[in-house]
Protein chains: 2
Amino acid sequence: MGQAPEWRFDPLTGRRVLISPDRGDRPIHPTGTCPFCEGREAETPPEVLAFRAPGSAPNGAGWRVRVVPNRYAAVRLDLGEPGALVTGAAPTPVANAPGSPRLREAGIGVAEVFLESPRHETAFRNLSQSQAADAVRAWRDRLRHWHDDGRLGFALVFKNEGPAAGASVDHCHSQLIGVPVVPPAVAEEVRLAGPGCVFCGWVAAELGGPLHVAESDGFAVLCPPAPRFPGETWVLPKAHGPAFETLSEPEAGELAAVTRDLLARVHRAFGGPDFNLIVKSTPFRHAGPYHWRIEILPRTTTTAGWEWGTGLLINTVFPERAAELLRAAT
Amino acid sequence: MGQAPEWRFDPLTGRRVLISPDRGDRPIHPTGTCPFCEGREAETPPEVLAFRAPGSAPNGAGWRVRVVPNRYAAVRLDLGEPGALVTGAAPTPVANAPGSPRLREAGIGVAEVFLESPRHETAFRNLSQSQAADAVRAWRDRLRHWHDDGRLGFALVFKNEGPAAGASVDHCHSQLIGVPVVPPAVAEEVRLAGPGCVFCGWVAAELGGPLHVAESDGFAVLCPPAPRFPGETWVLPKAHGPAFETLSEPEAGELAAVTRDLLARVHRAFGGPDFNLIVKSTPFRHAGPYHWRIEILPRTTTTAGWEWGTGLLINTVFPERAAELLRAAT
């Protein structure tokens with residue numbers, strides 16, 4: 001392993017960035033040597049969760065979904081006492097930088113990978129319904145695990161599908177990264193969600209309206225009011241629910257079906273784009289209102305100088321038009 | 001032209017996004033048909049500024065640097081009265097969206113393109129010193145123009161070099177986008193810069209230190225405390241100066257030389273990456289402290305689900321290591 005990951009703080013811009021040299025060591029695997037396929041379990045760290053055929057041994061064949069620590073983790077749990085950071089302790093100056101405003105904090109956290117199919121499948125929309133439902137259950141179970149663990153403040157489950165979305169392995173997989181603190185953008189969103197739940201009212205107002213894409217008994221599929229990319233779409237529970245880790249067994253199956261259908265629509269309507277899937281759920285210690293959701297971000301456009309210089313994104317497709325295209329893409 | 005550009009606001013997340021369908025119509029030009037080369041002036045809108053050989057006619061051959069309105073502009077000046085927006089008037093609800101929190105505002109502003117060479121050169125570092133200095137002078141002159149115009153609140157000059165940086169034309173060019181309001185991230189940075197000038201102290205503290213890359217009489221080249229990408233580097237004037245548009249003639253030449261040298265170092269040290277160049281300058285109506293700078297962002301890594309879900313970036317190279325590599329890349 002290389003130099004341990006660190007948060008660096010920039011008092012000039014208010015920015016914080018995680019510097020993690022180990023992430024740069026991720027290899028590109030030639031075709032036929034996929035480390036995520038069944039039979040290659042020795043190429044990943046020992047599993048922390050697996051849904052397996054009865055009687056099959058841990059870290060061997062026979063699994064449907066398998067969760068392992070990320071070998072090229074952006075954060076590590078062995079770098080200090082996360083409890084101290086949750087309190088918001090001030091970062092410490094970088095050693096040997098007298099007079100410099102450089103500040104750092106250890107890159108504490110967990111990083112896990114969800115292997116979503118024993119066979120070499122590359123698209124979530126092509127997984128079977130039961131395979132996709134197992135992936136959703138695994139996301140829920142690991143979020144619940146880290147919620148109950150008590151050392152972390154926030155965790156994000158996400159999927160990068162395709163190189164334009166940041167994937168370095170094409171085997172269908174997703175990730176969890178958990179950190180002691182709540183990211184500022186997440187804290188701001190949580191603040192805006194109260195004092196009632198703004199999402200509950202929004203979902204009710206938009207169902208059947210110009211941003212409506214699809215729905216099931218329990219879930220609404222909507223384009224957001226200010227989409228960041230052409231075809232950005234959200235899946236939200238119709239009923240109030242802050243934490244993804246409280247998902248029931250039937251809800252997991254229904255959510256998998258709705259998400260597969262949405263991804264097939266995005267594939268048809270927007271030219272088979274690479275995409276990010278993001279599970280937005282409440283911070284672990286937050287008791288106020290929030291409403292979990294899944295975000296799909298098709299990556300058909302590139303951020304450029306304007307976006308990095310101003311923080312303001314430019315999208316080329318209005319959300320009403322994107323919803324119209326997605327509704328028609330059955 | 002398609003539907004007029006609009007800002008859309010998302011009260012759920014606090015996000016604002018510019019939706020601009022015309023941006024999606026940008027064509028890809030086959031080799032040999034570059035619309036930015038000398039002799040093809042009819043393929044761009046009439047010039048708003050050009051540095052030309054004595055006696056050469058506007059919009060014909062004979063120019064060294066030429067500035068034209070962007071044919072695929074993200075914002076337009078004919079959509080309303082920008083003066084009203086500078087005051088921070090509340091956005092209006094989207095028509096036909098009763099009960100919906102969708103809010104919009106006209107996409108007012110200007111978008112210009114700087115053609116930085118009459119010949120088909122694709123890399124700023126390969127421009128001659130006088131050609132690069134002319135580009136820097138053009139950036140200054142157009143920022144000064146829009147400052148004096150009085151209708152805009154902020155303008156950004158930036159360059160996207162290479163497809164990974166968002167360029168759709170490979171001929172060496174840069175852009176200016178100006179808008180009536182100050183982007184929130186820029187307003188926050190301006191707020192942090194006071195009440196003294198934090199940049200003045202930082203430049204003095206880092207010169208010759210672990211983040212030092214290079215310097216000239218008037219300029220410091222430093223890696224920032226929390227770089228967003230491997231090799232991110234800033235060029236700052238050593239003396240306090242909030243506004244890029246006040247650059248003197250000798251300073252323009254010196255800045256061009258320092259920037260060309262830095263881009264050559266980035267090219268050698270980081271594998272010839274595509275990059276964004278950003279000119280950060282004070283908002284037009286801001287009287288408080290700020291310190292202009294040029295940022296170079298090598299685009300060797302891709303933002304993925306974690307970044308879009310949390311707003312937190314992951315970089316793989318510490319700034320001290322990047323500065324070491326850049327110092328050695330002479």
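Me: In chain B, the loop between strand 3 (49-52) and strand 4 (63-69) holds B:Asn59. Why is B:Asn59 called partly exposed?

Reply: The relative accessible area of B:Asn59 is 33%, and partly exposed covers what lies between buried, under 20%, and exposed, over 50% (1.4 Å probe, protein chains only). B:Asn59 therefore counts as partly exposed. Strands are DSSP runs of E with at least two residues, helices runs of H or I with at least four, both numbered from the N terminus.

This is a predicted model, where local features need pLDDT of at least 70 and side-chain atom pairs pLDDT 80 or more, while totals for chains, interfaces and linings use all residues. Residues are numbered from 1 along each chain as its sequence is written, chains are lettered from A and ligands numbered from 1 in the order written, and side-chain values use heavy atoms, without hydrogens and water.

Me: How do you know how helix 5 and helix 7 of chain A are oriented to each other?

Reply: Their axes (lines fitted to C-alpha atoms over the stretch in contact, with angles from 0 to 180 degrees between N-to-C directions) come within 8 Å and cross at roughly 105°. Angles under 35 degrees count as roughly parallel, over 145 as roughly antiparallel, 65 to 115 as roughly perpendicular and the rest as oblique. So helix 5 and helix 7 of chain A are roughly perpendicular.

Me: Which residues make that contact?

Reply: With contact meaning heavy atoms within 4.5 Å, helix 5 of chain A brings A:Arg265, A:Val266 and A:Ala269, and helix 7 of chain A brings A:Leu325, A:Leu326 and A:Arg327.

Me: How do you know which surface the copies meet through?

Reply: Of the interface residues of chain A, 100% are interface residues in chain B too, so the copies meet through the same surface.
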